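Subject: Structure handover

Hi,

Here is the structure for you to look over. My notes on it follow below.

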Amino acid sequence: MDNSSYRSQYILKNTANMIEPSAVSVRDFWNRVSAIERQIGKPIESGYSKDDYITLFTNLHLRNRSILHTAKGRVAGYVKYLYDCGVVSEDNLLACRSVSFNDIPANVVFDDGYFKDFQSLKDNIDTTIHIADRCDDHVFDTQVVALYLAWCGVSADEAVQILKEDVHDDYIQVGSRKVRPNKTIRERILEYRNAEGYRSWASCIIFLKYKSSPFLLRTKSDSQMDSKTLRSRIRAFNQIKKEPEAADQLMNLPSSESCLLRYDRVYWSGIFHRAYLYELANGEIVRSNIDLLSELFNESYSNFKSAYSRFQEYTRYRDYFFPSEE
């Protein structure tokens, strides 16, 4: 059996009982792996070192711990199969298993979609709107407000449930908690809450009204969005920076202005930035203080391991964007 046959048989075996969308996802993953193997210059079957695996996972753009864990599980499962077949050594298998999130270069993780502070997020959004050059910048208000909510620590599932009446002059009621945005975000959200629509260019400039709705996030076609639709609209907003005419305008801008906007990365950027501000005001966070970590990271932790895992992500963010001067 040649090396390529091992992989095709492994994929066939693992997808045999999957529904088709899941099987397609697995095949797409291995197609991405194959493309990166060609860049590395050798396949996994030839026996990878830890550095080879780090290169592989880095180029798969695995920018958070959970996604790396999933991808590493897939690759390690295949490498174990190769080991059982006598194709690779135990050292090759252990090398794959030993790769951790901390091995992925910090610039690869944080330069694409994470933000040092609110101003860098705002600059990115403003740049995207400028490139779009619409007759009314308010055409993007739903996306902008959603991204601002993400920065404030509001999940996508929570954002689509916010009612107009939940938006008060100095806070937003999100479930059982009060979220207090900064002045820029607060003013933008209040303006959006009260808006009836926006101007758009057709054969002439027309006014497009939002669908009548008690919900804050709505468009001319959605009276209430689900989180999937919200993410889709943000992806469409990102397409502006992918258009050919945008290339020259993005060329000399900081990376934080040219990177794509992703809800979850904006969400964690805001949470991690506020944790950094907490440390500036109160001293270093004690990693064993699970109650404090739960409060800062807006998560419930069942054990120290899961809390510490998130804490490590935060410290990588902090050390990358705010390196110690010592």
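Cys85 is partly exposed, with a relative accessible area of 35%. Here buried means under 20% relative accessible area, exposed over 50%, and partly exposed in between (1.4 Å probe, protein chains only). Before the rest, the ground rules. This is a predicted model, so local features need pLDDT of at least 70 and side-chain atom pairs count only at pLDDT 80 or more, while totals for chains, interfaces and linings use all residues. Residues are numbered from 1 along each chain as its sequence is written, and side-chain values use heavy atoms, with hydrogens and water left out.

For Cys85, the nearest cysteine sulfur is that of Cys96, 16 Å away. Cys96 is likewise in no disulfide. Cys96 is buried, at 0% relative accessibility.

**Salt bridges**

The structure holds 17 salt bridges. The cut-off is a side-chain nitrogen of Lys or Arg within 4 Å of a carboxyl oxygen of Asp or Glu.

Take Arg310. The side chain of Arg310 meets that of Glu299 in a salt bridge, at 2.8 Å from N to O. Arg310 lies in helix α16 and Glu299 in the loop between α15 and α16, so the pair ties together parts that are 11 residues apart in sequence. Helices are DSSP runs (H or I, at least four residues), as are strands (E, at least two), numbered from the N terminus. Arg310 also meets Glu313 in a salt bridge, at 3.2 Å. Glu313 and Arg310 both lie in α16, three residues apart, about one turn of the helix. Arg310 is buried at 17% relative accessibility. Glu313 is buried at 7%. Glu299 is partly exposed at 23%.

A network is also present: salt bridges that share partners join Arg7, Glu37 and Glu45.

Another pair is Glu187 and Lys183, with their closest N and O atoms 2.7 Å apart. Both are in helix α10 (residues 183–194), four residues apart, so about one helical turn separates them. Glu187 is partly exposed, with a relative accessible area of 44%.

**A buried arginine**

Arg218 is in the loop between β4 (205–209) and α11 (227–242). Arg218 is buried, yet has no salt bridge. Which side chain of opposite charge is nearest to Arg218? Asp141, 8.3 Å away. Lys and Arg count as positive, Asp and Glu as negative; His and the chain ends are not counted. The side chain of Arg218 does reach the backbone oxygen of Leu216, at 2.7 Å. Leaving aside neighbours within four places in sequence, the contacts of Arg218 (heavy atoms within 4.5 Å) include Thr142, Tyr192, Arg193 and Met225.

**Core**

The largest nonpolar core has 98 residues. Such a core is a set of buried Ala, Val, Leu, Ile, Met, Phe, Trp, Tyr and Cys residues joined through side-chain atoms within 4.5 Å. Tyr53, Leu149 and Phe297 touch the most other members. Beyond four places in sequence, Leu149 is in contact with residues including Val154, Ile172, Leu217 and Tyr263.

**A backbone point**

Asn298 is in the loop between α15 (290–297) and α16 (304–321). Its phi is near 55 degrees, a positive value in a residue other than glycine. Asn298 is partly exposed, at 33% relative accessibility.

Best wishes

Note on methods: A polar contact is a pair of N or O atoms within 3.5 Å; within protein, one must be able to donate a hydrogen and the other to accept it, and residues adjacent in sequence count only if both atoms are side-chain atoms. A disulfide is a pair of cysteine sulfur atoms within 2.5 Å.
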